[in-house]
Amino acid sequence: MSERARLGVRKTYKLFIGGAFPRSESGRSYVVNDAKGRFLANASRASRKDVRDAVAAARKASGGWAARTPYNRGQILYRVAEMLEGRRAQFADELRAAGAGKNAAASEVDEAIDRWVWYAGWADKLGAVAGSANPVSGPFFNFSTPEPTGVVGIVAPDSPLLGLVSVVAPAIVSGNAAVVVASEPAPLPAVTLAEVLATSDLPGGVVNLLTGRRGELAPWLASHMDVDAIDLAGASPDAVRELEEAAAGNLKRVLRPSRQDWSAEPGTARMTAFLETKTVWHPVGV
Amino acid sequence: MAFEYAPAPESRDIVDIRPSYGLFVGGEFTGGRGEPFKSVNPANEETLAEIARADAADVDRAVAAARAAYDRVWGPMPGRERAKYLYRIARLVQERARELAVLESIDNGKPIRESRDVDVPLVAAHFFYHAGWADKLPYAGFGPDPRPVGVAGQVIPWNFPLLMLAWKIAPALACGNTVVLKPAETTPLTALAFAEICQQADLPPGVVNIVTGAGETGRALVEHDGVDKVAFTGSTEVGKLIARAAAGTRKRLTLELGGKAANVVFDDAPLDQAVEGVVNGIFFNQGHVCCAGSRLLVQESVADALLERLKARMATLRVGDPLDKNTDVGAINSAAQLDKIRMLSEAGEAEGAGRWSPPCELPQRGFWFAPTLFTGVAQSHRIAREEIFGPVLSVLTFRTPAEAVEKANNTPYGLSAGVWTEKGSRVLWMAERLRAGVVWANTFNKFDPASPFGGYKESGFGREGGRHGLEAYLNV
């Protein structure tokens, strides 16, 4: 006689705001199916109010995060990689459920981990690469340093793990806080990534993750007056104009969507897109 | 007490202003299809010349000329050859420096001392500096083979007409782009003199095109489909319109917009130096400066002492004929700008701030506004929030460094800021916390082609000058 199979304990997929995992204040959810159309889970369907709560949490966290030493931010990003490494099987399963083949799922998880490691190392090098001492003609010491822009809104691409990591890590490594709208069809790895972030010493509010309808959430993020920049990586082509117009309301820095191979070497463009250059002058004299 | 000075006017014989000017398209001066407009001398309201107005078809022609020059000549040209053209332009500007300075002062109203000692030397320096980049771009940190963007549409303001032209054209050309530039409607003359310099330099036709006109001409330029990159310096209001217009297009955009800079004076600052810096910060160029130190934040314990010295210093400022070599503060650039300064100053009084100006005789004709300061200003007052763009200083006080940071950053703008203190660690502590693209510590209003300039927040995005400034004109 065989043992009766144990009934599994399913996870409730929720939002990630200010370091906590609330449901949408709207009480709404939407069905997420696997690649074969079978029910996987109900994901939270975030509302405009959730966007605003997430922006408030990001703003609150941004000052402290930017003030951490670059070494400390680098260690925390590396810690994210460590936590992710420990959950490789779980992420591979979720990617397979979203439609990836066995090998592809495993290699996407490995690349996502390595991407965190790559960006972790940038934290204490970006200032040297993007900053400068400027040879002005006069008795002045003049230097330029990169600083985080502030709160970055991210419309994440549909690559549910590697694409997501590839847009979140470059935004936060320099000290920005982020509000992320996850892939609409494949949001579950994003929520699981939030669990990784929550256990990596990343201060609450530095990354806030919303699931739901992109078309509903992205315009609120693009028009929010306390968001300083927006990454439109995952915006649909016919929504870009409207989102950019909304972003002009407070002159957000806009990173337009472009053809991306998420497994390619990322380069520095996604980091520098969310940096401001500050130039300081001081006289030289006795 | 002001000293008596004999008039020391710079001769205007050196400039030869023609009765009318055309557009500069494809290396030649041509007519414009719009209704011509007049450029006036703001110091005496005399009409200087009639200027062609470019309509959409003229802009189209200019963009086509720029595209042809980009495809056939300038784009394929080796960097070392582009460099030599830019060095030539720098030398021509130096050779014609006195003429350009006088012309700028006549058309803009700024004191000759400033156009002669600041604007024109910086123009030459910008071309000389960027000339050197033209054949060194692979070393600028934007990859081994950075490419130009294409045709740049550039719109510049009236406060530093020739200098803003240099800030726009020099990096664009160095990186291999061609340009169509629209100078401001009230100050087109030095841009047209620059067109002549391009001819004298034998710059290939179409590499630089200049279209004159007002807002409609600017709109036709920035909305033109053939423009790959838009660069604008001007008001935040227009900057937002341009950002909306560029939405959903492939156009690259950089914006250098308004400001409401805090100039923060701590109790340990050398007060006389600080007073000079405060005066330079707000009265330089009649306060027509986007990065002007228009909010003085002074530590409460030294506020009275500082204000007393500041008022004494303001009483020695000489307001009048821009061509007089002793003049400190020239004419307001236009009747419209004068109206705006008056309106905001009246709002300051109506909202309860205390208004003060030194006794100061203003000329009868022309557009003039006496150096003015307001005390008892609250952060909610319009004169503390809105960019006045005139010689009007709002004085606020603070007690602690944290309060100074809080008040300094309490604005949607973020272009510049000033700090005055003898304590080095406090300079750096403040510089770290001020949300502004340029921080002047124990100095103010310093500019250099090697130094990146540009804003945070609603003061715009992108940098001009230095290695950072190249990014706007490279396809990176």
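**A tour around strand S9 of chain B**

Start by selecting residues 33–476 of chain B: the end C-alpha atoms lie 37 Å apart, and the span is 42% helix and 16% strand. Helices (H or I, at least four residues) and strands (E, at least two) are DSSP runs, numbered from the N terminus. UniProt lists this span as "domain: Aldehyde dehydrogenase" in an unreviewed entry; its positions are given in the numbering used here, feature names are shortened, and annotations may be inferred rather than shown by experiment.

A word on what's loaded: this is a predicted model, where local features need pLDDT of at least 70, side-chain atom pairs count only at pLDDT 80 or more, and totals for chains, interfaces and linings use all residues. Residues are numbered from 1 along each chain as its sequence is written, chains are lettered from A and ligands numbered from 1 in the order in which they are written, and side-chain values use heavy atoms, leaving out hydrogens and water.

Now pick S9(B), residues 229–233.

S6(B), residues 151–155, runs parallel to S9(B) with four bridges, and Gln154(B) stands opposite Ala231(B). S10(B), residues 252–256, is also parallel to S9(B), through five bridges; look for Lys229(B) opposite Arg252(B).

Key: Two strands pair if DSSP finds at least two bridges between them.
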